[in-house]
Amino acid sequence: LKARSPIVWVSDIRREKEFPNFMVERFLHQTRAFLKIQDGCDCFCSFCIVPYARGSSRSMELIETLNNIRRLKEMGYSEIVLTGAHLSSYGLDLKPSSSILELLRRLEEERLSSRIRLSSLDPNEISDEMIDLIASSELFCHHFHISLQSGDDGILKRMNRQYDVQTFSDIILRIHNNIPDAALGIDVIAGFPGEGERNFENTYNLLQELPLHYFHVFPFSRRKGTPAAGMNGQVPSQLIQERAQRLRELGTAKRLFFYRSFLEKKVSVLVENKRDPNTGALKGYSENYLPIFLEGGDELKGSIVSVKLCKMEGNR
C-alpha cells in the first residue's frame, strides 16, 4: 500500500460563536497577569489572516470577565492586562450586547484589581468617554497601544482600515491633551503593496509630528489567502527593510525623548519578582510603560511603589 499523508478535518471557524471558556491562571515569575477576553475579528483588513484563522468576534461574558479579574487579583497579581484579537469589539456579540467601555466602567466601580492595562485598540474605537474615564481614574494605566498601520489615506483604504489619517491624529491629540503623561504606542506596516515614496513619507512625517512614544514596526509580508497577497504594486523586499529601519530609528528617538521627559519626576512602579541578572537591581514598569531599575530589598517584589527617576542609562 502507498503511504498516505495524514488528513486533518476541521470545522469552519467562522461558524463558531462561543468564546473558549478557559483562562491561564499562573504566570511563572510574573507580577502581571494576562486575561484574554475576546477572540476573532470581523474587520477583514486586506493584509490580515485573523478573521479566517480565528473566526468571528467572540467575547467572554461580562460577569465571567469580572469574576476572572477578581480571581487573578486574589492570586496576587497587581496588574491585569486585558487582551483580544480585536479588543475594541469586546461585548458587541453578547446578548444583551455590551462594550469595552461598559466593561471599563464596571471595573472602575468595583475596583477588582490594583491596576488594569489595555492591549491594542483601533483608533476609531477610542471614544471621548473612554479617554475621560481613563483620565479621571487611578485604576487604568496611562498607556494606549493603537493599531495605525499607515499614515497615508490611500494606503489605509487599500488596507480596508475603517478610519483616515485625520481621525487618527484627532484621537492621539485628544489623548495627549487629556492625559499628558500617557504612553502612546502604535503598530505600523512598512512596504504595503502600492506604497510609493510619497505614501511612505506621509507616514513618516505623521509619526514624526505627532506626540507618539514608541512604534512596533512590521515589514509587510504576504499572507496566503489575503487580498493584499495578490495586490499589484508589491514593494521590493530590500526597500521594505529600508523603510522599516527608518521607522524603527524614528521610534527609538521618540521613545528616548519620552523617557527623558520624566527625569526628576515621581511615577508608580510595579516591581517584578526577578532582579536584573546583570546589575542585581530591582526592575519594573511604570503605569505608562517606562522600564525602570531601582534599589531596594526583596520585600518590594510584587508591590507598587512610588519612585523618583534620577537618571537614564541607555534606554532605561
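Is Ser78 buried or exposed? In this predicted model, where residues are numbered from 1 along each chain as its sequence is written, local features need pLDDT of at least 70, side-chain atom pairs count only at pLDDT 80 or more, and totals for chains, interfaces and linings use all residues. Side-chain values rest on heavy atoms, with hydrogens and water left out.

Ser78 turns out to be buried, with a relative accessible area of 12%. (Buried means under 20% relative accessible area, exposed over 50% and partly exposed in between, using a 1.4 Å probe and protein chains only.) This serine sits in the loop between helix 2 (62–74) and strand 3 (79–84); helices (H or I, at least four residues) and strands (E, at least two) are DSSP runs, numbered from the N terminus. Not counting residues up to four places away in sequence, Ser78 touches Thr31, Ser113, Ser114, Arg115, Leu270, Gly302 and Ile304, where contact means heavy atoms within 4.5 Å.

Now for strand 1 (residues 32–39). Six of its eight residues are buried, so strand 1 is largely enclosed by the rest of the structure. Strand 1 pairs with strand 3 in the parallel sense over six bridges, and with strand 2 (residues 58–59) in the antiparallel sense over two bridges. Two strands count as paired if DSSP finds at least two bridges between them. Gln38 has a bridge partner in both directions: Gly84 in strand 3 and Ser59 in strand 2.

Next comes the open sheet, in which three strands follow the order 5-6-7 with parallel pairing. Strand 5 (143–149) and strand 7 (214–219) are at the edges with a single partner strand each, so one side of each has no neighbour in the sheet. On average, neighbouring strands here are turned by 15 degrees against each other, direction ignored. Strand 5 and strand 6 (residues 183–190) share six bridges in the parallel sense, and Ser147 stands opposite Asp187 in strand 6. Helix 8 (residues 237–260) lies across strand 6 and strand 7, at about 170 degrees to strand 7. Axes are lines fitted to C-alpha atoms, for helices over the stretch in contact, and angles run from 0 to 180 degrees between N-to-C directions.

What about the nonpolar interior? The largest nonpolar core has 69 residues, and Leu82, Leu107 and Phe144 touch the most other members. Apart from it lies another core of 15 residues, including Ala183 and Tyr259. Such a core is a set of buried Ala, Val, Leu, Ile, Met, Phe, Trp, Tyr and Cys residues joined through side-chain atoms within 4.5 Å.
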